[in-house]
Amino acid sequence: GVEAAGRAQQIHDGLVAKSLETGDDLIAPSTVSYNALLNCWSKSKSPSSPDRAEKIISVMIGRGVRPDVVSFTSAIDCVAKAGRSTAGDDGLRLFRQMESLAAQAQQNGRSTSESLGLQPNIYAYSALANAIAKGTDADAPQKALALLDEMKQKSREG
C-alpha cells in the first residue's frame with residue numbers, strides 16, 4: 001500500500017543521496033531502480049501517486065536517467081488507479097510525452113534502442129485504455145475508440 005511505496009521512496013532517495021555523496025556509479029540510480037519505485041507507487045493506489053509518478057519521470061529526465069516504456073506505463077497505471085476524474089487526459093498526456101521522447105531520440109540520431117525503448121507496447125496501450133475508462137470525461141468512449149484506431153494503424157505499420 002501507501003506505506004510500502006513511501007518506504008520504497010525513502011530507500012530510493014537514500015540511494016540517490018549516497019550516490020551523489022560518493023560519486024559511486026555502482027549505486028547510482030538507474031532506469032531499473034526508478035521503474036521499481038514507479039511500480040511501488042502504482043500498486044499503492046494512493047491519490048497522490050500520479051503526482052509522484054510525474055515527478056519521478058521529471059527527475060529521471062533531469063538526472064540523465066532515460067525513462068522507458070515501463071516507466072511511462074507505470075506512471076499511466078498510477079493515473080488509472082488513483083481515481084481522479086482527469087485520469088483519461090492525464091494518462092494521454094503521459095503517453096504522448098513518451099511518444100515525443102521517442103521521436104526526439106530518433107531525430108537526434110540517438111541509438112535505435114533508445115527510441116525503441118520508448119515505443120508504446122500492448123501494456124502501455126492497456127494502461128492508457130484503463131486510465132481513459134477510469135476518467136469521468138463525457139468523451140471517454142470516443143477517446144477509447146480513437147486509441148483503438150491508433151493501435152490498429154500502428155500494427156499495420158509494423
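User: How many disulfides does the structure hold?

Analyst: This is a predicted model. A disulfide requires two cysteine sulfur atoms within 2.5 Å. The sulfur of Cys-40 has its closest cysteine sulfur in Cys-78, at 9.9 Å, which is too far for a bond. The number of disulfides in the structure is therefore 0.

User: Is Cys-78 buried or exposed?

Analyst: A residue counts as buried when its relative accessible area is under 20%. For Cys-78 the relative accessible area is 0%. Cys-40, in contrast, has a relative accessibility of 30% and counts as partly exposed. Cys-78 is therefore classed as buried.

User: How many salt bridges does the count come to?

Analyst: The rule asks for a side-chain nitrogen of Lys or Arg within 4 Å of a carboxyl oxygen of Asp or Glu. One of the pairs is Lys-18 with Glu-21, at 3.5 Å from N to O. By this rule, the count of salt bridges comes to 12.

User: Which helix holds both Lys-18 and Glu-21?

Analyst: The side chains of Lys-18 and Glu-21 meet in a salt bridge. Lys-18 is partly exposed, at 42% relative accessibility, while Glu-21 is exposed, at 61%. The two residues are 3 positions apart, about one helical turn, and the helix that holds them is H1 (residues 2-22).

User: How many residues apart are Lys-143 and Asp-89?

Analyst: A salt bridge joins the side chains of Lys-143 and Asp-89, with 2.3 Å from N to O. This pair links distant parts of the chain, since Lys-143 belongs to helix H8 (residues 140-157) and Asp-89 to helix H5 (residues 87-107).

User: What is the relative accessible area of Lys-143?

Analyst: Asp-89, its salt-bridge partner, is partly exposed, with a relative accessible area of 36%. Lys-143, on the other hand, is buried. The relative accessible area of Lys-143 is 18%.

User: Which residues are linked with Asp-89 in a network of salt bridges?

Analyst: Lys-143 forms a salt bridge with Asp-89, and both residues belong to a network of salt bridges. The residues linked with Asp-89 in this network are Lys-143, Asp-137 and Asp-139.

User: In the pair Glu-99 and Arg-96, which residue is partly exposed?

Analyst: The side chains of Glu-99 and Arg-96 meet in a salt bridge, at 2.6 Å from N to O. Both residues lie in helix H5, 3 residues apart, about one turn of the helix. Glu-99 is buried, with a relative accessible area of 18%. The partly exposed residue, at 33% relative accessibility, is Arg-96.

Conventions:
Residues are numbered from 1 along each chain as its sequence is written. This is a predicted model: local features need pLDDT of at least 70, side-chain atom pairs count only at pLDDT 80 or more; totals for chains, interfaces and linings use all residues. Side-chain values use heavy atoms; hydrogens and water are left out. Buried means under 20% relative accessible area, exposed over 50%, partly exposed in between (1.4 Å probe, protein chains only). Helices (H or I, at least four residues) and strands (E, at least two) are DSSP runs, numbered from the N terminus.
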